[in-house]
Structure formats: structure tokens, C-alpha cells
Amino acid sequence: MPRSKAGTLCTWLGCPGLLGCFLLGFLAGWFTKPIEKSPNSSDVHENMRKKLVAEMKVENIKQFLRSFTKLPHLAGTEQNLLLAKQIQGQWKEFGLDSAELVHYDVLLSYPNEKQPNYISVIDDQGNEIFNTSLFEPPPHGYENVTDILPPYNAFSAQGVPEADLVYVNYGRTEDFFKLEREMGINCTGRIVIARYGKIFRGNKVKNAILAGARGIILYSDPADYCAPGVDAYPDGWNLPGGGAQRGNVLNLNGAGDPLTPGYPAKEYTFRYEVDEGVGIPKIPVHPIGYHDAEVLLRAMGGSAAPDSSWKGSLNVPYNIGPGFAGNSSTRKVRMHVHTNNKITPIYNVIGTLRGAVEPDRYIILGGHRDAWVFGGIDPTTGAAVLQEIVRSFGKMKMEGWRPKRTIIFASWDAEEFGLLGSTEWAEENARVLQERAVAYINSDSSIEGNYTLRVDCTPLLYKLVYNLTKEILSPDEGYENKSLYESWLEKDPASENNSCPRINKLGSGSDFEAYFQRLGIASGRVRYTKNRKADKFSNYPVYHTVYETFELVEKFYDPTFKKHLTIAQLRGKLVYELADSQVIPFDCRDYGEALKEYSNRIYKLAKKHEEQLKLYKVSFDPIFSAVVNFSKAADEFHRRLAQVDKKDPVTVRIMNDQLMFIERAFIDPLGLPGRKFYRHVIFAPSSHNKYAGESFPGIYDALFDIESKADQREAWEEVKRQISIAAFTVQAAAGTLKEVA
């Protein structure tokens, strides 16, 4: 007969020994089972970063480069709009929260199809006895491609001036000083010819205008655009004799669209007349290849070149002029430039990956899409890398991950016409960006050479860059199983401290300009470059020519695309760390060290005028004192940061905001003298070379050529004023790092 439930229960209760054994066994089993450790936030952060980098593929970057460089895609053309729509569609497929086209109407510049630009040599009757080429011979495989515009300098003035020719070397400030002050050669009313290289082409044009020239011809000398022992493209990567470098010749000084300086070029915006536009040259400018330049330079008479630094490697004497020699002495040069400026729509692609914890804090990764022709290196090695980074972030998001902070991806338009797309977007969103932007990372060309890494960034990013490069394997031959940091350090150590690799100051020449120089957003750029010490050629030889093709990269610069992948990993990791680290990975102490170095350097420059410093009572003590105070404040800030309670989100947010706003603290709303859109007191593009960065630019410019100023007292008063502004700014920045009351 079956027992009742009550009987069973009584049996169990009546056997306490048995029940005890059961409970003991159960508890023993429970406490000895393997414990599944829940990953902490730092483990998750590290694992997701590894996953992001592992997702990036060489083959994808290669395919993006091939796809984006098939056809010319100049800003303002139908093909560049189609490419923008293609990128927008892919970003949506990759999983971004949004991908929008943002449009502006800006001033662009194109050759006149019916009246080509060229240079002539004319006889005393005005007959044209030599004309330069009207186009570049297209590379093999591209003979039937349409919409290739001939070489030209965007925003050149129109005109057909005739005059004697003067050779002005690189057209630098010091070259014109040499001609005018030492050699007594006057360029007023002449046409000048300058070789490309050393400085931004717009600075050459500005210098020619200041010297009174009626026009300027720019050419690429083989000394600057051909590497020894290398064939011309397509057999090698040197510039062919018929190749000519395109490029804009504006002097915008950060203004953006020339007709709407300071404001976004929307349909409602007030516009200046075209002849009132900012930075547009008043003289004709035209680029030619070295085969044509050789014809002009061979005939030159006048003074001999002052020294070997004025000689390139053409088979000509490099006489200065003015005018031609011997039987050609009655001949002159005539320029034909008919370039048109017109208001044209451009389109940025803006993609967003919303942050999960701090959606109101932005990290921007942006690079331009527009190219002079195919853009094989500039910009598409950067655009292809940007595309793969977006794809990798998008895949992680599709699998359920989000960054702590919002990431904004940007494909900028019209960079080649003066950084227009990026500057207009910065102007339109300035109020929001000043409040919310943590950092801007640039994604222009990933390679300009294949020797070693090149980094230009704010001192706030030094430690992060060094740490990340230690984690990435070097792609360099002979450095297998070594880190990118090790190959970079060995190949390009810093001149001040050779225990670290060189990091350059940010100048301009790419889309970070408005974000760093105007808005004070911490910025950086990384790419592969040439051997700075051994390679004497300027930039890469076929820069801005029709010969910048996919094949150039695949055959000569990076056949394995490993260097592209390395740059993708570094740019991607920079964005990831800035977007997902609990504490923003900036180090203010490195800024303190940099300020110390820069203040010593500018003082050393001023000490060349020892007597005047005493006479006009000029003291640098306020700057030195402010720099010491900043360094102390930075040390104290990082001491508190190391002890902060990471579980207290308000305290962490307060300190993160102090880190985010430290770059902003170096912004002077009044801007630099004569350059009101360059507002960073510590860094600015050099007044004499837009590409290069200058530290304490206000003081530097006040000191430049000061001995030749007519009113010495007034000149030194300006130096004192700039010292005062710099000292105040550094001291004020130190104040922002103090403990919040």
C-alpha cells in the first residue's frame, strides 16, 4: 500500500542524519562549482578595442581605394556628388544611426572650356613663338576617361599680362628679400616664375603680389619632384616632364568660403561680391611642367643664381633675369589665364554613432573626398581608410555595442578649394561643437611616402599616440615582430628628446584647421611619410596630377596595403579610446612641457635683439611665470585625477570637462593680428608657410623682420602686447585646471 505524503515527510524529518548529509553535499557542490567571473568594464573596453582592430581588413581598404578612384571627382561636379551618395548609402548599410548629406553653396573655380590657360613666349611683334602644354598626357588605361580638367591654379585672377620674366627660386619671403635687398632686382611690373616646394603655393602668390609682380608661373623642378634613380610614372613614381601640380592659391587664413567668411554658406547667408572675396589673388597664376619650364628658364639672362640653393636639376643656368638673354632679349612672356570663379553646391556626408553614456560629447573623424583628378593618394588613401573604420565601428554597433560618447564621421567636400566643406560645417555648428566636441581626428591621405609614421597633434594627445603605437605591429620591412613605436622611434626621433619619436606641431593644409585653430578642439593627424632626412624631394612627386592613380599606390607605394591597415588601426584606436575611455585620455602635463620648450625657443629668437630688449624694456618673465604656473596646475590636476572615485559619475564628468575644455582655454576670441580666424594663441599656421605650424605665433610674427620696421618703438610695443596676450592666456588656461570650487 503506498505511503501518504505526510508519512514520507515524517520519514525525512525522522532522519536528521540523512537530511544533514544532503544539505552538506548540496552546499559543498554549490560553493566549489566554477565561478563565472563577470568581466569588468576595463576588460570589456579592451576586448572591444581588439575586436574593432581585428575587424579591419587590408582587402577592404584596397577595394574602397579602387572603387573611389575610377573616375575624376572634383568638388562641385556630378561625379563627386554621386560618390557622396555612394558613401552615404554604404554608411547606412554599415549600421550608423544616421548618414546625411549636408549642402553648402560656396565659391569654386574652374578653367574656361572655350579659352584654355597657357603661357607663351612672344617676339617683339607680339607673335607667340612658344606655347606651353594645354593638358597632361593621360596615364595608360585612362586615355578615354572624360572630365579630366587640365592643370590650373584655382582662384587665379583672369588676365593676359605681358612682361619680362624673373626667376624667384621657391617664392619664399627670404627669396624675395634676397632679390630686392641684396641683389637690387625689382619684380614690380614683371612676371615671376617660382618652383613648387618648401611652402604653400598661396604664400608664393601672396609674396609675388607684395613684390609688385603682374603674374606668377609655378613649376615643378625635378630637384623637388623626382627622386634619384627612380623612373617617371608609369615605370616609376617620379613626376613626368608633362605633369603639372594643380592647387588653389587662396590666402584665406581660415575664413572658409571666400564670400561668407565666418558664417556658413547657406541660401540665407549674406555674400560679398566675387571681387571682394577673402584671399582671392589679384594677379594671374598658372602651373606648368618641367619640360615647358626648361624652355623658359634656358633663355633667361640677367644675374646669375646667388648660390646653389637657387639651382634645381634642369639643364639650365638658373639665371634670375629680368628678361631673356642674347638673341632672345627682346622677347617677353605672355600669360593666358581665363579661369572662372562661380558659386557651386558642395556636399558633406555626416554620419553619427550615438553614444550610450554621454551622447552630448562628440569625437569627430573626418577626411575629404574631393580630388583634383582621380585622387589616388590625396585624398583617397584617407577616404578608403575612413570607410573601413566606419564599417568596423558599424559592425560592432550592429552586434549590440555602443561607445560611451558619440562618434561623428565626416566625408568633407571641397577641401582642395580651401578646406571649404569642413570649415562651413564647423561654422554652422560652432556653438554646439564648442560645448560638446572632445576631439577631432583627421583622415586625409594615409600615405605621402612609405618610410615611417608621421604624427602632427596637440600635446594633449602625445601620451595616447605613444601608447597606441606600442600596441600596433610595425608594417616596415626589417621590423617584423616589432611595434610601430619602435620603428617610428628609430627612423624619426624627436630632435629635443631622442628617447621619443618626433611629433610635429599642427599647421594647416587639411580639414582639422577650423576645429583646432578656430574652435580650440584637441586635434591630431597620422599618416605614413617619406624619409625626412634623406629624401630631398618635396611631398610625393606626382602630387595633384593626373598620375595619382590606384595603380600608383598598388604598384609603388604600398603593394601589400599593410601601411594603410596600420594607419586605419591607429586612427580607429584613437577614435575608440577618445570615445569609450571612462576618463578622456588627455595629458595636460605634456602641454606644460611643450609650453616650456616653446617659451624658451621664442625667447632665444628675441635674444638676437639684446640691445632693443633692454632699450624698450621688453621682458619675457610674465610668460615664463605663466608656464610654470600651468605646469604646476597640470601636475596637481593629474594627481587628483589619479585619485578620483571612478564610481562617482558627476566627479568624473567634471574632470572630463576640464580635460575637454583645456584646448579651448588657449583660444583668443579676437584672433591673431590680421588673421582673425586663427584664434589659438599657442599654435597657428606660419604666416610664411600655411603648411607649417608656428608656436606663440603672435610673438613670432611681431618679431619677424623687426629690424627693418620703420618705427622701432611701435614694433617693439607690439612685441610687448603679444607677450602680454600669451602670458594671460597661459595663466587663464592654468586656472581652468584648478579644483572646482
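This note goes through a predicted model of one protein chain, point by point.

1. Confidence across the chain. The protein chain has an average pLDDT of 95, and 95% of the residues score at least 70. Strand β14, covering residues 405-412, has the highest confidence at 99, whereas helix α1, covering residues 5-13, has the lowest at a mean of 41.

2. Stretches to read with caution. Residues 1-16 have a pLDDT below 50, and this stretch has 3 contacts in the model beyond near neighbours in sequence. Residues 26-37 also stay under 50, and for them the model has 1 contact beyond four places in sequence. Where pLDDT is low, the predicted coordinates should not be read in detail.

3. The nonpolar core. The largest nonpolar core is made up of 214 residues, and F409, F417 and F630 are those with the most contacts inside it. For F417, once its neighbours within four places in sequence are left aside, the contacts include L74, A75, L108, Y152, F155, L250 and W372; S109 and N248 are also among them.

4. A search of the whole structure finds 46 salt bridges, and one of them joins K51 to E399, with the closest N and O atoms 2.7 Å apart. This pair links distant parts of the chain, since K51 belongs to helix α3 (residues 41-55) and E399 to the loop between α10 (380-398) and β14, 348 residues apart. K51 is partly exposed at a relative accessible area of 39%, and E399 is likewise partly exposed, at 47%.

5. R402 forms a salt bridge with D97, the closest N and O atoms being 2.8 Å apart. Because R402 lies in the loop between α10 and β14 while D97 lies in the loop between α5 (78-94) and β1 (98-110), the pair ties together parts that are 305 residues apart in sequence. The relative accessible area is 32% for R402, which is partly exposed, and 35% for D97, which is partly exposed as well.

6. R653 forms a salt bridge with E358, and the closest N and O atoms are 2.8 Å apart. R653 sits in helix α21 and E358 in strand β13 (residues 358-368), so that distant parts of the chain, 295 residues apart, are linked by the pair. R653 counts as partly exposed at 23% relative accessibility, but E358 counts as buried at 11%. Both residues belong to a network of salt bridges that also includes D360, R361, R405 and D657.

7. A nonpolar patch at the surface. V650, I654 and V740 form a nonpolar patch on the surface, and together they have about 250 Å² of accessible area. V650 is found in helix α21, which covers residues 649-662, and V650 is exposed, with a relative accessible area of 53%.

8. The surroundings of A244. A244 lies in the loop between α8 (222-225) and β9 (247-248), and at 3% relative accessibility A244 counts as buried. Leaving aside neighbours within four places in sequence, A244 is in contact with E136, P151, P287, I288, G289, H544 and T545. The C-alpha atoms of A244 and F135 are separated by 8.8 Å, although these two residues are 109 residues apart along the chain.

How values were computed
Residues are numbered from 1 along each chain as its sequence is written. This is a predicted model: local features need pLDDT of at least 70, side-chain atom pairs count only at pLDDT 80 or more; totals for chains, interfaces and linings use all residues. Side-chain values use heavy atoms; hydrogens and water are left out. Patches are made of residues with over 30% relative accessible area and no salt bridge: like charges are joined within 9 Å, nonpolar side chains (Val, Leu, Ile, Met, Phe, Trp, Tyr) within 5 Å. Accessible areas come from the Shrake-Rupley method with a 1.4 Å probe; for residues, only the protein chains shown count as cover. A salt bridge is a side-chain nitrogen of Lys or Arg within 4 Å of a carboxyl oxygen of Asp or Glu. Helices (H or I, at least four residues) and strands (E, at least two) are DSSP runs, numbered from the N terminus. Buried means under 20% relative accessible area, exposed over 50%, partly exposed in between (1.4 Å probe, protein chains only). A nonpolar core is a set of buried Ala, Val, Leu, Ile, Met, Phe, Trp, Tyr and Cys residues joined through side-chain atoms within 4.5 Å. Contact means heavy atoms within 4.5 Å. pLDDT is the predictor's confidence in each residue, from 0 to 100.
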